[in-house]
Amino acid sequence: MWILRINMTDRSVKFEDVPEKYKYLAGRGLTSQIVYDEVPPLAHPLGPSNKLIFATGIVTGTSAPTSARVSAGGKSPLTGGIKESNAGSPWAHDLAVMRIKALILEGLPEDKKTFWGVHLSWDADAGKPKVDFFDATEYTGKDLYEVAPKLFERFGDRISFAGCGVSGEYGYGNAGIVYNDLAKRPSRYSGRGGLGSVMGSKRVKFIVIDAKGAPGVEIVDKALFDEGRKKMIDAIRSHDITKPKGGLNSFGTAVLINILNEAGGLPTRNFSSGRFEGAAKIAGEAIFETNKQRLGKDLYNHACSPGCIIQCSNTLYDENGKEITSCVEYESDWALGANCGIDDLDAIGEMVQLCNAYGLDTIETGCTIAVAMEAGVIPFGDAKGAIQLLHEMGKGTHLGRILGAGTETAGKVLGVTRIPAVKGQSMPAYEPRAVKGIGVTYATTTMGADHTAGYTIAPEILSVGGKADPLSNEGKAALSRAFQATTAFIDSSGHCLFIAFPILDIASGYQGMIDECNGVLGTKWTADDVLRIGSEILKVERAFNEAAGFTKAHDRMPEFMKREPLPPHNQVFDVPDEVLDAVYAEL
């Protein structure tokens, strides 16, 4: 395997043998370690010293289920700290089978007008990948749905790509990295933290991979890997949330809309309430029934990436049976729906499509629009106005650039006091005053407010992996710490985070994950090593952030959440500071 360095200052390419210290690192563990080792903590995120690292997981590119994941890492333009953003895509699989352990983009070209494409293919004679550059300026300034088909026309149907939209070209704080899905749509994202702008700053528009002839992933102990794979498949296919025609396969991640609304934890109208009267109109069940009425049949969901057996990605169709978008994730549905007071499912679908077209993170975008509504730019519930604001971002107008900078910056410019963000990143779709454990994760994670960093929703709301009272402060530091460490390992394994549901409830599934990793690497890890390795990753990320100027004061919730009671439970975020400080103090 190799570390592939691409320096955009002179478009030089270097293949390096994998250093011993990186031998067992992958995914998030590897991106964060390289950022820590090579990026100055005080570097400007869009300057020449920042780097953008792509690293696949341990089992990515193998036949392990739901494992085609890639981590993108760098210093975040949004938070100013370390960032890892995870995605599932054919591109992740293709990078892994090319035996590229990490792809590092570094340097900046002097020419700021030209955007470049990188084309990777397998050179059978050389026995390694071949790297070519192409002028990609013709693809800039355009809708990604217009551009993506041209890449397949140019390079063939077998390719996959990673890239940035116009938001990355503009340098927005809410710019994601786009990948194609299995149907060639530009719809899979490493969305959070503005890493699309890091890519854009290096004047890289696309990285195209043609993996034809690539040798695949080496597996040290195939028998052990196969044993673990079987355990994992059995666990996924037997758990109510992840099994075929189960919660995720039927209703997608938006199945959580009604669940969180009932729990009083669905942030509504810029986090002013925990319940939305229009929740049932936009929930996963509504998407399923809407499609059934419009298509005349039950429509179950599809996979976002090769080998996914959970298959939670939906497609929304209009009254004429034409696709509006794919897919309407829970976070997108909430951010552009309930959080903006919008209950028009078709309008939400159109906004998701526009975010994909412009390369915008739907969470940050929805939260920013809600803050603009709070400021009176448009009223809550104004779907047409929200769509227009998205176009402002896509066009790069003055207002669009303010909104594209992200929720916290836009809120400050617009004079808003209710700004739901931590470390500069907006909060996802779980109200921390109603679900205290996820609030602890938001406050303390190295990533800025991020539910995927430590998904305590599992025990607090879904009763997965045990049961915890969402309104209680008791034990929440330990709960968040354990979930953050385990998540860091899962993000490094190459599996989708949704394997957490079955492996938390089914012990053999948890062991299956470990067996798969041991089979690929030849290690002898145990369950104790999962927490150990995850904790080591968190310590590295924490050390980078501290060197970048982060202190305990950054591990706090916005002031309004401490003083404004949230209906319907009328709770404030009252977790003591010493509890928040204990999360990392006891790693």
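This dialogue explains how to read several features of a predicted model.

Reader: Which residues is Tyr-430 in contact with, leaving aside its neighbours within four places in sequence?

Author: Among them are Leu-256, Leu-260, Gly-265 and Pro-267. Tyr-430 is also in contact with Tyr-330, Glu-331, Ile-438, Tyr-442, His-451, Tyr-455 and Ile-457.

Reader: How is a sheet to be read, and in what order do the six strands of the open sheet stand?

Author: The general idea is that strands of a sheet pair through backbone hydrogen bonds, either parallel or antiparallel. Here the order of the six strands is E8-E7-E12-E9-E10-E11, and the pairing is mixed. Strand E8 (128-135) and strand E11 (188-190) are the edge strands, each pairing on one side only. On average, neighbouring strands of this sheet are turned by 20° against each other, direction ignored.

Reader: How many bridges join strand E7 to E8?

Author: Eight bridges join them; strand E7 covers residues 116-123, and the two strands run antiparallel.

Reader: Which strands does helix H2 lie across?

Author: Helix H2, residues 90-97, lies across E7, strand E9 (160-163), strand E10 (177-179) and strand E12 (204-210). The helix runs at about 105° to E9.

Reader: Is Thr-31 buried or exposed?

Author: Thr-31 is buried, with a relative accessible area of 0%. Its place is in helix H1, residues 27-38. A polar atom of its side chain lies 3.2 Å from the backbone oxygen of Arg-28. Beyond its neighbours within four places in sequence, Thr-31 is in contact with Ile-53, Phe-54, Ala-55, Ser-71, Ala-72, Gly-73 and Glu-84. Gly-74 stands 43 residues from Thr-31 along the chain, while the C-alpha atoms of these two residues are separated by 7.4 Å.

Reader: What does the model show for Ser-493, which is found in helix H19?

Author: Helix H19 covers residues 476-493. Ser-493 is buried, with a relative accessible area of 0%. A polar atom of the Ser-493 side chain lies 2.8 Å from the backbone oxygen of Ile-490. Leaving aside neighbours within four places in sequence, Ser-493 is in contact with Gly-57, Ile-58, Val-59, Thr-60 and Cys-517.

Reader: How many disulfides does a search of the whole structure find?

Author: In general, a disulfide is a covalent bond between the sulfur atoms of two cysteines. The search of the whole structure finds zero disulfides. Cys-312 is in no disulfide, and its nearest cysteine sulfur, that of Cys-308, is 6.2 Å away. Cys-312 is buried, with a relative accessible area of 13%.

Conventions:
Residues numbered from 1 in each chain as written. Predicted model: local features only at pLDDT ≥ 70, side-chain atom pairs only at ≥ 80, totals over all residues. Heavy atoms only, no water. Contact = heavy atoms within 4.5 Å. Pairing = 2+ DSSP bridges. Helix = DSSP H or I, 4+ residues; strand = E, 2+ residues; numbered from the N terminus. Axes fitted to C-alpha atoms, helices over the stretch in contact; angles between N-to-C directions. Buried < 20%, exposed > 50% of the residue type's maximum accessible area, 1.4 Å probe, protein only. Polar contact = N/O pair within 3.5 Å; in protein donor to acceptor, adjacent residues only side chain to side chain. Disulfide = S-S within 2.5 Å.
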